[in-house]
Amino acid sequence: MYRILLVDDEPMILKGLSVFIQQSGIRISSIRLAANGSEALQAIGEELPDFVFTDIRMPVMDGLSLCEAIAKQEYPVQTVVVSGYGDFSYAQACMAFGVREYLLKPVAKRELADTLRRLVQRAEKQKPASAYLSVAKMDAWLERFDQAIYYMNRSQVQELLEEWRRETSAFQLQERQKAEMLEEFHGLLVKKLRAREMNIELDDSLELSPDSTGEEAFGRFAERIGQTLDRLYRKRKGKWKDPIEEAKHYIERNLASEVSLEEVADQLGLHPNYFSVMFKQATGETFVQYRTKRRMEYAKRMLGEESHRITDISYAVGYADHSNFTKTFKKYEGISPSEYRQRLGI
């Protein structure tokens, strides 16, 4: 399967080329788009394409400069210049940078198909021995798997596994290299998940044998992810809970109790330290500050109802010691509970 990068500052040209290429019948792993040479170089750094189709006249960085940069970096890609009749002299200049194909705008569907066939034939003859998996691409995969697992999105995990299998099949790797790539990726994923301190057991290794094939490694990788999801599912009692919202609901339901951060973190299947940092980042308050605020707000509502005694209110918001409640309320509101009632005319 082939990865293709299209570079042009005209959106309609990009769309037309993309449609023609998809209809060409060649095996495509991905088609990426860029509006100028600078964006194209960034895309190449993230995922090395097999074929690059580029216009000549573009803002920021033109096609000639892009072809020169690709040649200097010695990227193993085949570049096709797609430009207007008046830019033929520029297209000829690109030939000095290894460009062997030129398409004239407007591009005819048959010409594009013929060009693609020649590109594929050359690619098949070259048969690259290794794949290019940039750090940026690896990080993007890790982020997507991490999010899908953490949020227990089984359908998304399955889609990611299928996408991984589909894209990496385009890499011309030996079986052992495929297994080693998955082993490395699994280790990085486990490290990323551990940083969340989800308080569940995570397997460090795929435990592959020296002669494991890429398919065997993929099977073990998928199995490990499934086990992680199962453990997370059991820890969270079968449902995903947004940590912050669930913590708030739990506090509201238990204002009369001395709810601790550790108790809530355990309910969510998170490590207390990680949950504490997460809560502060999301709310701008510590867990204790938020819990106290909600207690005082509830106390104020109850103080507004004459039927409740202040002593009963202190119990209702988790303070067995009436004097402690009075002290906390005054610190929060600036006046005592009785003074607050007086201001309400009660």
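Modeller: β3 and strand β4 (residues 78-83) pair in the parallel sense over four bridges. Strands are DSSP E runs of at least two residues, helices are H or I runs of at least four, and both are numbered from the N terminus. Pairing needs at least two DSSP bridges between two strands. This is a predicted model, where local features need pLDDT of at least 70 and side-chain atom pairs pLDDT 80 or more, while totals for chains, interfaces and linings use all residues. Residues are numbered from 1 along each chain, and side-chain values use heavy atoms, without hydrogens and water.

Biologist: Which residue in β4 is the bridge partner of Phe 51?

Modeller: Gln 78. From β3 the chain crosses to β4 through helix α3 (residues 63-73), and this β-α-β crossover is right-handed. That term means a clockwise path from the first strand over the helix to the second, with the strands pointing away from the viewer.

Biologist: And which way do the β3 side chains point?

Modeller: Phe 51 and Phe 53 point one way, Val 52 and Thr 54 the other. All are buried, meaning under 20% relative accessible area with a 1.4 Å probe, protein chains only.

Biologist: What stands opposite Thr 54?

Modeller: Val 7. Strand β1 (residues 2-7) runs parallel to β3, joined by four bridges.

Biologist: Switching topic. What does Trp 164 touch?

Modeller: Leaving out residues up to four places away in sequence, Trp 164 touches Trp 141, Phe 145, Met 181, Leu 182, Phe 185 and Phe 218. Contact means heavy atoms within 4.5 Å.

Notes
Buried < 20%, exposed > 50% of the residue type's maximum accessible area, 1.4 Å probe, protein only.
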